[in-house]
Amino acid sequence: MDIPKNNMDNEYIFKDTAQRQLKLTFLPPLCEKYEKAPVYFLIPGGGWHMEVRADMIDFSRESVEEMRKDGFAVVATDYRVCGEGVVMQEIIEDCFDAVKYITHYAETLKVDSSKIITSGHSAGGHLALMLAYAPKDMFKSDYEFDDDFEICGCVAFSPPAVLYGPGVHSLGDINEVFVGCFTEEELERTSPITYVNANCPPTFLATGTSDYIVYSLSSEKIYDKLIEAGVQAKFVLSVGGGHMYEQINKSVIPDLSREDIQYKAVEFMKDNF
């Protein structure tokens, strides 16, 4: 099946919306280890009010390079944001639809839609977890493609895994971010922790102890629930690290840098897939 051509060799328009065309970047594997390449699927962060897929590729540059060397294709996706008049339901739908696009053209792209690892930082980490855990039919749009796929792993960097309750983030009133559309019930429905069960795929979580945007407690809570459910999971703390594992306190050098975290994520993925 031919895939529609776009202006850039590695860029594809996967969805036309009232707000704008949504695009994704496709980076092929650097070796032919597999007949069909597994997919490392990246979702950028930005507090659900901005997203730049190139920034996520840069943030993940070590894991992107290592996974491509190991025969994985890499995809980074757009999604609409709250300033464009959408709600969280639609943001999550956009991410699901990007996966469906890749799946629909899997034969042409030579990828394996049954072996997809989602990954994201911050709000992107939240969305990566939602794709990995939430029932597909709960966030189903009227998208033109509805091909089936399987998420077989998740790598979430500094994710808001719990949107409700005290001590999990300092993102302000999410109800204000999304123009009054959030109730407590909606916050729970769009929180990854709600969907943790024994069938969740292997999950890597990483956060900094000095992250004052998304607190480490958010990852701790979902990690504990994953372990209780019997899911293969790893939780890495950058002691002294900030939201991007950077140095926050001049007197405390983080024990794990962003680069260190990326290589630990690669190690986890290679051990589990």
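Phenylalanine 204 is buried in this predicted model, with a relative accessible area of 0%. Its partner in an aromatic pair is phenylalanine 157, which is likewise buried, at 0%.

**Phenylalanine 157 and phenylalanine 204**
- The pair is edge-to-face, with 6.4 Å from centre to centre and 65° between the planes.
- Phenylalanine 157 belongs to strand β6 and phenylalanine 204 to strand β7 (residues 203–208), so the pair ties together parts that are 47 residues apart in sequence.

**Phenylalanine 96 and phenylalanine 139**
- These two residues form a stacked aromatic pair, 6.4 Å centre to centre and with 10° between the planes.
- Phenylalanine 96 sits in helix α3 (residues 88–104) and phenylalanine 139 in the loop between α5 (123–133) and β6 (151–157), so parts 43 residues apart in sequence are tied together.
- Phenylalanine 96 is buried, with a relative accessible area of 0%, and phenylalanine 139 is buried with a value of 0%.

**Aromatic cluster**
- One aromatic cluster is formed by Phe14, Tyr101, Tyr105, Tyr143 and Phe145.

**Helices α2 and α9**
- The axes of helix α2 (residues 61–69) and helix α9 (residues 258–272) come within 8 Å and cross at roughly 30°, which means that α2 is roughly parallel to α9.
- Their crossing is right-handed.
- On the α2 side, the contact is made by Arg61, Glu62, Ser63, Glu66 and Met67.
- On the α9 side, the contact residues are Arg258, Glu259, Gln262, Tyr263, Val266, Met269 and Lys270.
- The residues of this contact comprise six charged, four nonpolar and two polar.

Conventions: Residues numbered from 1 in each chain as written. Predicted model: local features only at pLDDT ≥ 70, side-chain atom pairs only at ≥ 80, totals over all residues. Heavy atoms only, no water. Axes fitted to C-alpha atoms, helices over the stretch in contact; angles between N-to-C directions. Helix = DSSP H or I, 4+ residues; strand = E, 2+ residues; numbered from the N terminus. Parallel < 35°, antiparallel > 145°, perpendicular 65-115°, else oblique. Left-handed = near helix turned anticlockwise from the far one by under 90°. Contact = heavy atoms within 4.5 Å. Nonpolar A, V, L, I, M, F, W, Y, C, P; charged D, E, K, R; others polar. Phe/Tyr/Trp six-rings, centres within 6.5 Å; stacked < 30°, edge-to-face > 60°. Buried < 20%, exposed > 50% of the residue type's maximum accessible area, 1.4 Å probe, protein only.
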